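Here is a short briefing on the structure shown below. It moves from a helix to a sheet, then to the chain contact and the other chain.

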Amino acid sequence: MSENLKALAWKLRMDTIDIIMAGGGGHIGGDMSVMEILTDLYFRQLKVAPENPEDPDRDYFILSKGHSMEAYYAVLCERGFLDLEDVKARFSKFDSPYIGHPHNTLPGIEMNSGSLGHGLPVAVGLALAAKRRGKPNRVYVVTGDGELAEGSNWEGFMSGAMFGLDNLCCIIDRNRLQISGSTEDVMALDDLKAKIAAFGWNVISLQDGNDLDELDAAFEQAKTVKDRPTCIIANTVKGKGSPVMENKAGWHHKVPSAEQYQEIMKDLEERKAALA
Amino acid sequence: MKNTIPNRKVICDVLMEHAKEDKDIMVLCSDSRGSASLTPFFDSFPEQAVEVGIAEQDLVGIAAGLAKAGMKPYAASPASFITTRSYEQCKVDCAYSDTNVKLIGISGGVSYGALGMSHHSAQDIAAMSAIPNMRVYLPSDRHQTRHLMEALLKDEKCAYIRTGRNPVEDVYTEENCPFEMNHATVLTEGTDAAIIACGEMVRPALDAAALLEEKGIHATVLDMYCVKPLDEAAVIKAAQNAKAVITVEEHSPFGGLGSMVAQVVSANCPKKVVNIALPDAPVVTGTSGEVFEYYGMTGEGIAKKVLEAIG
């Protein structure tokens, strides 16, 4: 399972690159870093079903770093919520439903985002609703790391702990880069684990946030914690998958040239093939 | 007899009446339950009450999450803060994501009197009306507030409701309070002038009409509690028959009821439109009553403006 899932994450990166090329734009760096987080959630963790997307007992997923939409499209297509060929044909085109941020008129997408710092408070509300009703829903929200400079996140960290929401899990895509450079140079976050723990959360820091086994173990551990929410700091690599774009802030939002496209796809294919 | 019940208390009463049966009704406050008259709700329905502390962005975001899960959240916080501190949450998490969040702006306009511009909400109508899929309601008295709340409990779209802090004189009676959702209420009919008011300016507008009547001037008075969606047909009908249109609102002169009425009148039946509003400046220090007196937002002040407008 795990090897197949790892191969799937590389395949989904290739789909993501194709979506970006077709639409002529995309937040490629964060798409690549968040891929294993989305893959593990949608293929091992989330109780969601394309045939019944409004099931009241479903788990909820919120993409707070909404600009990683191209990666999210690839995952939603693979999971059966959307059609990849349709997404590629219409992404970012005139009058298309497939825009550059989550839009909840599409099946499988719960909330609209784009502006940063919105997801965690909304996730707190979703988790609180389940708690008050005594229902089993779990709530997952993925934020970026640069996004954490938005104060609304820290309001959410406070209320999530105050309400004892052990059905809430926040995953931080800690790729350490934002559009202007290193997160630590732009507005320092470290010691991020200590900060969030001080807010009363169970915090799990992953050595390799692009490792599906590490991620899945953290999700399982989160389910065993009582009376407080869990934050998983997934230390990821921005642009993960090809030296062309890895750890380069300039690839926050970029469309590869034809040559770069060939090189990136070759790198991704090789990594996928190595698992076969 | 002078009314002593503020509109905000009626909101609490209606929510408590329904919360007994409907466990999806949730009330959220940002350290504002006392100001909102919602303490009885928090005491009686702790499982349906959520305190988020002084954090309006969290307040509205959490409300949107509750709504997404199928609950019916009512988030109450001073109008100034819930509309502008959490403006983006209102826009993205409520209106854009199409969640059933009812945003209750308490102590609206200049209710907070001498506390100053930080606490005044003279921009809320403009700000909230500019958001697609957001409705804006300013009920005029306690009776209409009850009807509005009953109607809002039945729908599943987001809305912003602004009330003042102080009791206001009744416009209606318990027995006689005609109410149709998203339709203005015609309080008086006359062809000399049309006075269109919202919220707590409706009562002085009605007082102005009575003063004008004594002088033989007949005015139509519209209670435009539904600022958005504006009852355009009622505006056009009132304006067509009048020599001039006078709007009255406890709001900035820009982007509120006056601006919207002027747009409708100029496009459909061009006519002089005079807007009575707060100034584009920090308002004079005083109680809200003193502020209204100073800016001519009283029966006498409005009647004077009507006379000037119709020459």
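This is a predicted model. In chain B, helix H1 covers residues 7–19. Its 13 residues should span 18 Å at 1.5 Å a residue, and its end C-alpha atoms are 18 Å apart, so the two values agree.

**Helix H1 of chain B**
- The buried residues of H1(B) are Asn7(B), Arg8(B), Val10(B), Ile11(B), Cys12(B), Leu15(B) and Ala19(B).
- Strands E1 (25–29), E3 (72–78) and E4 (102–106) of chain B are among the elements that cover these buried residues.
- Helices H2 (39–44) and H7 (142–154) of chain B are also included in that cover.

**The five-stranded sheet of chain B**
- Five strands of chain B form an open sheet in the order E7-E9-E8-E11-E12, with mixed pairing.
- Strand E7 (185–188) and strand E12 (272–276) of chain B are the edge strands, each pairing on one side only.
- On average, neighbouring strands of this sheet are turned by 20 degrees against each other, direction ignored.
- E7(B) and strand E9 (residues 219–223) of chain B run antiparallel and are joined by three bridges.
- Thr188(B) has Val221(B) in E9(B) as its bridge partner.

**Helices across the sheet**
- Helix H9 (residues 232–240) of chain B lies across strand E8 (193–197), E9 and strand E11 (244–248) of chain B.
- H9(B) runs at about 150 degrees to E8(B).
- Helix H10 (residues 257–268) of chain B lies across E8, E11 and E12 of chain B.
- H10(B) runs at about 155 degrees to E11(B).

**Ala219(B), a residue of the sheet**
- Ala219(B) lies in strand E9 of chain B.
- Ala219(B) has 30 other C-beta atoms within 10 Å, so it is buried.
- Leaving aside neighbours within four places in sequence, the contacts of Ala219(B) include Thr188(B), Gly190(B), Asp192(B), Ala193(B), Ala194(B) and Ile195(B).
- Ala209(B), Leu212(B) and Val306(B) are also among its contacts.
- Tyr160(B) is 59 residues from Ala219(B) along the chain, and their C-alpha atoms are separated by 30 Å.

**Where the chains touch**
- The contact takes 22 residues from chain B and 21 residues from chain A.
- On the chain B side, helix H3 (56–68) and helix H5 (87–96) of chain B are the elements that give two or more residues.
- H3(B) gives the most to this side, with nine residues.
- The residues of the chain B side divide into 11 nonpolar, six polar and five charged.

**Val124(A), in contact with both chains**
- Val124(A) is found in helix H6 (residues 119–133) of chain A.
- Val124(A) counts as buried because it has 32 C-beta neighbours inside 10 Å.
- Leaving aside neighbours within four places in sequence, Val124(A) is in contact with Ile62(B) and Gly65(B), among others.
- Its contacts in chain A include Gly156(A), Ser159(A), Gly160(A), Phe163(A), Leu165(A) and Leu168(A).
- Val75(A) is 49 residues from Val124(A) along the chain, with 24 Å between their C-alpha atoms.

**Chain A as a whole**
- Chain A has 11 helices and seven strands.
- Its radius of gyration is 18 Å, close to the 19 Å that the globule rule gives for 276 residues, so chain A is as compact as a globular protein of that length.
- Along the principal axes, the C-alpha atoms of chain A fill a box of roughly 50 × 45 × 40 Å.
- Of the 276 residues of chain A, 51% count as buried.
- Among contacts in chain A between residues at least 6 apart in sequence, 78% join residues at least 24 apart.

Conventions: Residues numbered from 1 in each chain as written. Chains lettered and ligands numbered in written order. Predicted model: local features only at pLDDT ≥ 70, side-chain atom pairs only at ≥ 80, totals over all residues. Helix = DSSP H or I, 4+ residues; strand = E, 2+ residues; numbered from the N terminus. Rg over C-alpha atoms; globule rule 2.2 N^0.38 Å. Buried ≥ 20, exposed ≤ 12 C-beta atoms within 10 Å, placed from the backbone. Contact = placed C-beta atoms within 7 Å. Expected span 1.5 Å × (residues − 1). Nonpolar A, V, L, I, M, F, W, Y, C, P; charged D, E, K, R; others polar. Pairing = 2+ DSSP bridges. Axes fitted to C-alpha atoms, helices over the stretch in contact; angles between N-to-C directions.
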